[in-house]
Amino acid sequence: MATQYVDQLEFSSYPSGKSQGKHHIIIVGAGIIGVCTAYYLTRHPDFDARKYHITVIESKRVAGGASGKAGGLLAMWAFPQQIVPLSFQLHQELSDEYDGENNWDYRRLTTVSLEADVQETFESDCFASRETPSAYDLKVPLPKKKKRSGNSKRPMSSSLSSSAAENEMKQGDVFLTDKDAQESEGECRNPTNLPEDLNWIRTNLVRDWSSLGGTGSTAQVHPYKFCHYLLNKAVETGAVDLILGKVTQILFDDVFTVSGVSYIPNMDNPEEQARVKEVNILDTQQLVLCMGPWTSKILPDCPISGLRAHSITIKPSTGTVSPYAIFTELKIGSNKYFSPEMYARKDEVYVCGEGDTLVELPETTDAVEVVREKCDELYHYVSKLSPNLSKGHILKRQACYLPVLNVPTSSGPLIGETNVEGLYVASGHSCWGINNAPATGKIMSELLLEGEAKSADISALDPGLYFDASVFE
């Protein structure tokens, strides 16, 4: 991977002082939501570097959590539909403007769902005697196979947890283009008649398959590259400071309006870290928490938690494979199934699978525990389906936490000002953070600089509907 955009970013331990006398906006978190918020602020017509200054505070590294370890699938049938069409369009516009094809591997692709029977291959296998892993609770939702009237599709996945599935059903129908409605009918197809260029799957194991979307409605990015590129573009304006430190608390003035934050600088030298003291940044007009599942560490009443998800990247034996996103349901025994997801990238294949809540959210992204066995299980299963992967090798074993909104009436995210003046939240995007980041960033720029969202109706995503930000432990 090219590292030029990673190497260009320079973080400081302390404020530069450039915000003095200016309208100061602090963004906590340099994941994809924080990055897009900073980027679109600097591109807003009302933004003037002589009047505004932005400080991004990150505890460990850019895209250190799910933003750097996600699959990067973009789909018009994602949720919530209030912002999905806008975000899908913005992804294309960003790619057109900055050559996303080469800078962050943006491309359109085809998405399919397939069922395969691999149980015979497990009879003498050490995994056969184990309890089948639970399905990934917040998988990217898939359209039903049953044909629906008109050109509408409702995202749905049989592997979603019941509560997540109920939330999915509340999102309403997703309207696709005529072309994609035809491609995404979801009718059962002849398993021996897979698309000709999908030649890295063992056809003889496939029992059923369906198309979920063509190049008109699905695409992908490499999220780690995307984050670094956009953040560099924001920093180039001279109006953005990057600080490496862990925010410990929000500061308020006498009338309980946000006035700043306290943070502990993150030093490379352990001896320096032991001596470092908490730093206060004051004279802040607006504070945006883009902390994913860590949001509730600062706002205890915020109903966002973390779901740990393991993933791997594989170098295929052929070097590359055709551009497909594949959702699988693999039968590995009597009434036993496993459903990994496979996203072909330009030079690797990303695979994710089961999620769990066995380990509580750690303090930082660096402390996320990666269970090697879970990663090896992923490789074991997908290698049964693809000779290109079985003869390839694992490049990365990783885990991250998805920000899940724990309310019965919404799947998230939360975007907007809380009931505390000057305090904003942009978090809880579950498995669609990469997909919805540009729209979230653009909307946040409108809220911060104009006082209202102009690009989409986000009234149902208002943080004030779901928690009281003034509650502190």
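## Close-up views of a predicted model

The protein's secondary structure comes to 13 helices and 23 strands, where helices (H or I, at least four residues) and strands (E, at least two) are DSSP runs, numbered from the N terminus. This is a predicted model, so local features need pLDDT of at least 70 and side-chain atom pairs count only at pLDDT 80 or more, while totals for chains, interfaces and linings use all residues. Residues are numbered from 1 along each chain as its sequence is written, and side-chain values use heavy atoms, with hydrogens and water left out.

**View 1. The whole chain, before zooming in.** Of the protein's 473 residues, 60% count as buried; that label means under 20% relative accessible area, with exposed being over 50% and partly exposed in between (1.4 Å probe, protein chains only). Take the contacts with a separation of 6 or more: 76% of them come from residues 24 or more positions apart. Contact here means heavy atoms within 4.5 Å.

View 2. Look for N436 in helix α13, which covers residues 433-450. N436 is buried because its relative accessible area is 1%, and the cut-off for that label is under 20%. Skipping residues up to four places away in sequence, N436 touches F79, P80, I83, V84, S87 and H429. The side chain of N436 also makes a polar contact of 3.0 Å with the side chain of N435. A polar contact is a pair of N or O atoms within 3.5 Å; within protein, one must be able to donate a hydrogen and the other to accept it, and residues adjacent in sequence count only if both atoms are side-chain atoms.

**View 3. Helix α4 against helix α13.** Two packed helices are described by the angle between their axes and the distance between the axes. Here α4 and α13 pack at about 95°, with axes 7 Å apart. The axes are lines fitted to C-alpha atoms, for helices over the stretch in contact, and angles run from 0 to 180 degrees between N-to-C directions. That angle makes α4 roughly perpendicular to α13; the classes are roughly parallel under 35 degrees, roughly antiparallel over 145, roughly perpendicular from 65 to 115, and oblique for the rest. On the α4 side, V84, L86, S87, L90, H91 and L94 do the meeting, and on the α13 side it is I434, N435, N436, A437, P438, A439, K442 and I443. Sorted by class, the residues of this α4 contact with α13 are nine nonpolar, four polar and one charged. For that sorting, Ala, Val, Leu, Ile, Met, Phe, Trp, Tyr, Cys and Pro count as nonpolar, Asp, Glu, Lys and Arg as charged, and the others, Gly among them, as polar.

**View 4. Helix α2 against helix α13.** Helix α2 takes in residues 32-43, and its axis comes within 7 Å of the α13 axis, crossing at roughly 45°. That makes α2 oblique to α13. From α2 the contact uses I32, I33, C36, T37, Y40 and L41, and from α13 the residues include G433, I434, A437 and P438. The class count for α2 with α13 is eleven nonpolar, five polar and one charged.

**View 5. Two cis peptide bonds.** The bond from F79 to P80 is cis, with omega near 0°. P80 lies in the loop between β3 (73-75) and α4 (84-98). The bond from G412 to P413 is cis too, again with omega near 0°, and P413 is in the loop between β21 (393-405) and β22 (414-417).

**View 6. Two aspartates with positive phi.** D99 isn't a glycine, but its phi is positive, at about 55°. You'll find D99 in the loop between α4 and α5 (100-103), partly exposed at 37% relative accessibility. D283 has a positive phi near 55° as well; this residue is in the loop between β14 (279-281) and β15 (286-289) and is exposed, with a relative accessible area of 63%.

**View 7. S311 in strand β16.** S311 is in β16, residues 304-315, and counts as buried at 2% relative accessibility. The side chains of S311 and Y350 are joined by a polar contact of 3.5 Å. Leaving aside neighbours within four places in sequence, S311 has contacts that include K69, C352, C375 and R397. L378 is 67 residues from S311 in sequence and 7.6 Å away in space, C-alpha to C-alpha.
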